[in-house]
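Have the sequence and the 3D view open as you read.

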Amino acid sequence: MRILIFGATGLLGKPLLREWSGDTVIGLGSRDADLRDARRVSDVTRETRPEWIVLAAAYTDVDGCESHPDLAFGVNRDGAVNVARAAKEMGARLVFLSSDYVFDGTKKTPYEAHDVRNPQSVYGRSKAEAEIRLLELMPDCCIVRTSWLFGTGGKCFPDTILKLAANRPALDVVNDQRGCPTYSVDLARALIQLCHKNARGIVHATNSGDCTWYEFAGEIVRGAGLATTVRPVSSQQMKRPAARPTYSVLSPESLRRFGIEMPSWRDALQRYLKERQG
Ligand SMILES: NC(=O)c1ccc[n+]([C@@H]2O[C@H](COP(=O)([O-])OP(=O)(O)OC[C@H]3O[C@@H](n4cnc5c(N)ncnc54)[C@H](OP(=O)(O)O)[C@@H]3O)[C@@H](O)[C@H]2O)c1
């Protein structure tokens, strides 16, 4: 197969390029094609003639989206529409990366793929509106929602915690937001399988198990053998520009339908720590 990846320079894009074998894979960053430039997106798609497009490119700064909504909607929604139009023009299949932030976080049990969207932030709205537009344009597209992505080769929560923990005796971390950490390598492997299985529809793909950011930070610090104390605090005490869902655990049922199981986040974290050490 011929695969075109938008967002190949990002946290997910890098392991996607590394893990994908047996197919011809072309990876692009924002310098190769800005998603907001419909003409350029269409040209690179025509030149590369992909059978599958993986749309992993996005403006992912959740707090930055609050102060730059034009950029958020321009890249995350309108840019995604440009890619979907180019895919349709070429008869290529499309997998679009979306987020747990399309939900409001008021549920008490894991979110299923068919649960109602109710985003609480600009980033979440830009992703939710992209999902709706893409499903209208290309009913056979595949939308993969993931959450709390971490990996080497980019900014992520474990990296931030390890850098802070190296210089501080104690860290305050929020303990009232629960979600599923997801290792970029494991998500890349699941995405490759989904393309090979000709997947369509909305799929939730995260590492298995869930935790709060405080629990995640504790495991990171312990896993790295550091003595830093991690203290639980509330979201009220750590105000951020964008609202985050209190509970955004994604159910693995939609992924299981394709016969795919992802490892636990604790196992994934151990592999990340090893990879980070080099
Ligand atoms: N990170 C998370 O916790 C998380 C959680 C849920 C869902 N997701 C979704 O998962 C996907 C991958 O996220 P990630 O963490 O790998 O993102 P990332 O590390 O921030 O990388 C973003 C990628 O998008 C590209 N990009 C940004 N603006 C662009 C533009 N205007 N035109 C073309 N390309 C552009 C970047 O290219 P350059 O580097 O070349 O500028 C980079 O390759 C995204 O769709 C994201 O929304 C992420």
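**Around the ligand**

The shell around the ligand is made up of 13 nonpolar, 10 polar and three charged residues. In this sorting, Ala, Val, Leu, Ile, Met, Phe, Trp, Tyr, Cys and Pro count as nonpolar, Asp, Glu, Lys and Arg as charged, and the others, Gly among them, as polar. Before going further, please note that this is a predicted model, in which local features need pLDDT of at least 70 and side-chain atom pairs count only at pLDDT 80 or more, while totals for chains, interfaces and linings use all residues. Residues are numbered from 1 along each chain as its sequence is written, and side-chain values use heavy atoms, with hydrogens and water left out.

How many residues surround the ligand? There are 26, and the closest are Thr9, Leu12, Ser30, Thr60 and Tyr123.

Thr9 places a polar side-chain atom 2.7 Å from an oxygen atom of the ligand. The side chain of Asp34 has an N or O atom 3.1 Å from a nitrogen atom of the ligand. Lys127 has a side-chain N or O atom 2.9 Å from a ligand oxygen atom. Taken on its own, the ligand has 910 Å² of accessible area, and the protein covers 79% of it. These areas come from the Shrake-Rupley method with a 1.4 Å probe; for residues, only the protein chains shown count as cover.

Which elements give two or more residues to the shell around the ligand? They are β4 (93–99) and α5 (122–137). The largest share, three residues, comes from β4. Helices and strands here are DSSP runs, numbered from the N terminus: a helix is H or I with at least four residues, a strand E with at least two.

Next, turn to helix α2 (residues 38–48), where you will find Ser42. Ser42 is buried, with a relative accessible area of 11%. The terms are these: buried means under 20% relative accessible area, exposed over 50%, and partly exposed in between, with a 1.4 Å probe and protein chains only. The side chains of Ser42 and Glu89 are joined by a polar contact of 3.3 Å. A polar contact is a pair of N or O atoms within 3.5 Å; within protein, one must be able to donate a hydrogen and the other to accept it, and residues adjacent in sequence count only if both atoms are side-chain atoms. Setting aside neighbours within four places in sequence, Ser42 is in contact (heavy atoms within 4.5 Å) with Ala86 and Glu89.

Thr45 is also found in helix α2, and Thr45 is buried at a relative accessible area of 1%. A polar atom of the Thr45 side chain lies 2.6 Å from the backbone oxygen of Val41. Beyond neighbours within four places in sequence, Thr45 is in contact with Leu4, Phe6, Pro50, Ile53, Ala86 and Met90.

Two loops hold a backbone detail to look for. Arg49, in the loop between α2 and β3 (52–55), has a positive phi of about 45 degrees although it is not a glycine. Asn198 has a positive phi of about 60 degrees and is not a glycine either; Asn198 lies in the loop between α7 (184–196) and β10 (201–204). Asn198 counts as partly exposed, at 49% relative accessibility.

What about the cysteines? A search of the whole structure finds zero disulfides, a disulfide being a pair of cysteine sulfur atoms within 2.5 Å. For Cys142, the nearest cysteine sulfur is that of Cys195, 7.3 Å away. Cys142 is buried at 1% relative accessibility, and Cys180 is buried with a relative accessible area of 2%.

Finally, visit Ala205, in the loop between β10 and β11 (211–212). Ala205 is buried, with a relative accessible area of 0%. Leaving out neighbours within four places in sequence, its contacts include Val144, Thr182 and Met262. By contrast, Gln277 in helix α10 (residues 265–277) counts as exposed, at 72% relative accessibility.

How values were computed. A residue is near a molecule or strand if one of its heavy atoms lies within 4 Å of it.
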